[in-house]
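This report describes one protein chain, from its overall build down to single residues. Please look at the sequence and the model before reading on.

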Amino acid sequence: MYLWKVDRLADELGNNQVSQKEEFKYTLAFTLLGILLLGLAAFGSGAVPHWLMAADLAIMLIITGAGIVYCYKRNQGSDNRDFIVRFICLGLPVTVRITILGLVVGFIVGAVAGIVLEPESFQHSEAEPGAMVFINLGVGYLIHALYFIYLARWMAAAGDAFRNPVG
């Protein structure tokens with residue numbers, strides 16, 4: 001794996017010398033680094049306490065890392081081909097579907113919380129996040145995990161379709 005020598009990586013990619021396992025490593029590292037950098041950039045916003053931002057970042061890194069590993073294993077178990085292509089291409093419609101699911105679930109959770117919780121639960125500060133902050137984070141983690149489960153299912157299905165073509 002190259003972290004600095006772009007020319008060498010370009011040569012290996014051009015000569016089809018990068019294995020599925022190496023593609024997986026690049027995907028994992030690239031994605032986790034992106035999340036880490038975005039998460040670190042959010043520090044200092046004052047919206048929630050630093051400890052909560054750090055915990056949120058750690059949980060998102062864990063879910064994402066485990067999700068990419070799960071997708072890779074499912075793809076490997078089908079035909080072990082085209083990991084990055086499937087991850088990106090199937091990721092788009094899966095993202096659209098999961099986003100719609102997240103909006104519906106978020107609306108329902110918000111409506112139920114508005115009925116059940118006290119008004120103070122919706123107020124938060126850097127010193128004291130309200131209960132709704134934790135509810136939103138929990139729903140977000142659930143939706144994020146479901147994204148990878150759903151994506152892995154379709155990655156495996158693509159590999160199975162290659163091994164067992166219809167018609």
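## Contacts along the chain

Among the contacts in the chain with a separation of 6 or more, 71% join residues 24 or more positions apart. Contact here means heavy atoms within 4.5 Å.

## About the model

This is a predicted model, in which local features need pLDDT of at least 70 and side-chain atom pairs count only at pLDDT 80 or more, while totals for chains, interfaces and linings use all residues. Residues are numbered from 1 along each chain as its sequence is written, and side-chain values use heavy atoms, with hydrogens and water left out.

## Overall build

The chain has five helices and zero strands, giving the pattern α-α-α-α-α along the sequence. Helices (H or I, at least four residues) and strands (E, at least two) are DSSP runs, numbered from the N terminus.

The radius of gyration of the chain is 20 Å, whereas a compact globule of 167 residues would have one near 15 Å. This radius is taken over C-alpha atoms, and the globule rule is 2.2 Å times the number of residues to the power 0.38. Along the principal axes, the C-alpha atoms fill a box of roughly 60 × 45 × 20 Å.

## Burial and the nonpolar core

Of the 167 residues, 29% count as buried. Buried means under 20% relative accessible area, exposed over 50%, and partly exposed in between (1.4 Å probe, protein chains only).

The largest nonpolar core has 18 residues, and I68, C71, F83, F87, F148 and L151 touch the most other members. Helices α2 (20–42), α3, α4 (83–116) and α5 (131–163) each supply at least two residues of this core, and the largest share, eight residues, comes from α5. A nonpolar core is a set of buried Ala, Val, Leu, Ile, Met, Phe, Trp, Tyr and Cys residues joined through side-chain atoms within 4.5 Å.

Not counting residues up to four places away in sequence, I68 touches F24, T27, L28, T31, F83, F87 and F148.

T64 lies in helix α3 (residues 50–78) and is buried, with a relative accessible area of 1%. Leaving out residues up to four places away in sequence, T64 touches T31, L32, I35, H144 and F148.

N75 is also placed in helix α3, and counts as buried at 0% relative accessibility. Apart from neighbours within four places in sequence, N75 is in contact with Q20, N80, R81, D82, F83, R86 and M155.
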